[in-house]
Amino acid sequence: MSRYIYADNAATTPVSEPVLEAMLPFLKEEYGNPSSIYQKGRAALAAIEHARVQTANALGCEPGEIYFTGCGSEADNWALKAAVMALAKKGKTHLITTVFEHHAILHTAQKLERLGCQVTYLPVSPEGLVDPADVAAAIRPETALVSVMYANNEIGTIQPIAEIGAICRERGVWFHTDAVQAVGNVEIDVKAQNIDMLSLSAHKFHGPKGVGALYLRRGIALPNLLDGGGQERGHRAGTENVASIVGLGRAIELACDPAAIARKREHLTPLRDRIIAAALELPHTRLNGDPVKRLPGTINLSFEGVEGESLLLMLDLNGIAASSGSACTSGSLDPSHVLLSLGLTHDVAHGSLRLSLAEDITEEEADYIIETIPTVVARLRAMSPLWEKIVKAEQ
């Protein structure tokens with residue numbers, strides 16, 4: 001294999017060199033427990049608090065509103081479960097979310113349903129967008145929380161978060177957003193956008209795996225998800241993962257710099273659109289998600305007559321790493337729930353491809369992707385009984 005292009009950054013990103021350099025001292029000489037009062041413990045605690053400041057600055061909030069977690073999924077679980085638990089005593093046991101959320105939200109919502117909570121799953125448009133009017137119509141007196149993801153992890157559509165947040169604020173309903181895919185790709189200001197809670201995960205923006213954060217607006221008191229020690233100001237038990245928290249802080253500082261976001265957008269958007277335009281020249285191919293309101297590096301395409309797993313394996317043999325859906329469900333043979341929510345049939349959804357580009361991709365690498373996709377699709381269609389039926393139906 002003469003080259004290898006990693007185009008699955010929505011699944012995970014490599015740890016950047018500056019982030020690794022920031023982490024290394026806390027994996028070696030600065031190994032103290034942050035709960036200890038001697039020098040090494042104090043140094044570890046100071047590093048955590050510095051990362052809390054870095055994270056708060058990236059989101060436009062106060063350091064005291066940031067709580068570190070083990071991942072984005074933990075932050076999602078904490079926000080939903082604890083919000084319903086906190087407000088149930090006031091008769092608020094209704095949750096509003098959407099049909100195409102990440103499974104960290106959907107499975108948590110389903111768990112809450114089994115515990116007696118009522119859940120409304122809002123539809124999305126064929127372009128993968130949530131209508132704020134649907135959010136407003138779904139809110140009722142017993143609504144505890146609205147949770148709408150900032151940007152979809154499979155198709156990359158960016159939701160009207162500020163508008164939804166304003167509706168929730170006006171109606172006195174807490175608003176949470178899963179921003180795991182959005183952080184580092186778009187500028188976020190939780191205060192201006194009326195966001196009460198926000199989840200993020202470091203490994204999506206060149207930080208380490210196994211660490212995330214929950215922004216929790218001051219004034220919102222949530223029960224603990226984990227009980228035990230007094231870490232995270234008594235809200236999240238367990239000895240802190242100091243090195244990874246330090247990595248998250250450095251990564252989010254770099255990724256959320258406005259100039260860095262602008263450079264990323266200006267570099268990736270034209271390359272993304274070139275790849276999309278070239279792919280759409282193939283017959284029976286569609287772009288999934290809005291062509292404009294999407295993350296700068298995320299592409300999701302469906303090729304009729306092609307099986308997604310074979311497509312990924314063939315691309316891998318040609319030196320391109322991609323996916324057919326979210327990383328958490330890539331081993332499943334079921335079609336993507338996100339694509340089905342757009343109205344795609346099972347056959348079309350099975351033939352999906354997600355390419356998620358990072359800021360280091362070159363024009364030459366984009367050209368190689370453009371050249372390779374038609375060859376791979378043509379080869380797979382030549383072997384596909386389904387494609388043969390599609391062709392015969394047109395004759």
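In the predicted model, a polar atom of the Lys 204 side chain lies 2.9 Å from the backbone oxygen of Ala 11, a polar contact being a pair of N or O atoms within 3.5 Å in which, within protein, one must be able to donate a hydrogen and the other to accept it, with residues adjacent in sequence counted only if both atoms are side-chain atoms. The model is predicted, with pLDDT of at least 70 required for local features and 80 or more for side-chain atom pairs, while totals for chains, interfaces and linings use all residues. Residues are numbered from 1 along each chain as its sequence is written, and side-chain values use heavy atoms, without hydrogens and water.

Lys 204 is situated in the loop between E7 and E8 (strands, E, are DSSP runs of at least two residues and helices, H or I, of at least four, numbered from the N terminus). The relative accessible area of Lys 204 is 17%, so the residue is buried (under 20%; exposed is over 50% and partly exposed in between, with a 1.4 Å probe and protein chains only). An unreviewed UniProt entry places the feature "modified residue: N6-(pyridoxal phosphate)lysine" at Lys 204; UniProt positions follow the numbering used here, feature names are shortened, and annotations may be inferred rather than shown by experiment. Apart from residues up to four places away in sequence, Lys 204 touches Ala 10, Ala 11, Thr 13, Val 180 and Gln 181 (heavy atoms within 4.5 Å).

Gln 181 belongs to the loop between strand E6 (174–178) and E7. Gln 181 is buried as well, because its relative accessible area is 9%.

Strand E8 (residues 212–216) has five of its five residues buried. Gly 212, Leu 214 and Leu 216 cover one side, and Ala 213 and Tyr 215 the other. E8 pairs antiparallel with strand E7 (residues 197–201) over five bridges, and Ser 201 stands opposite Gly 212. Strand E2 (residues 66–69) also runs antiparallel to E8, joined by four bridges, with Phe 68 partnered by Ala 213. Pairing requires at least two DSSP bridges between two strands.
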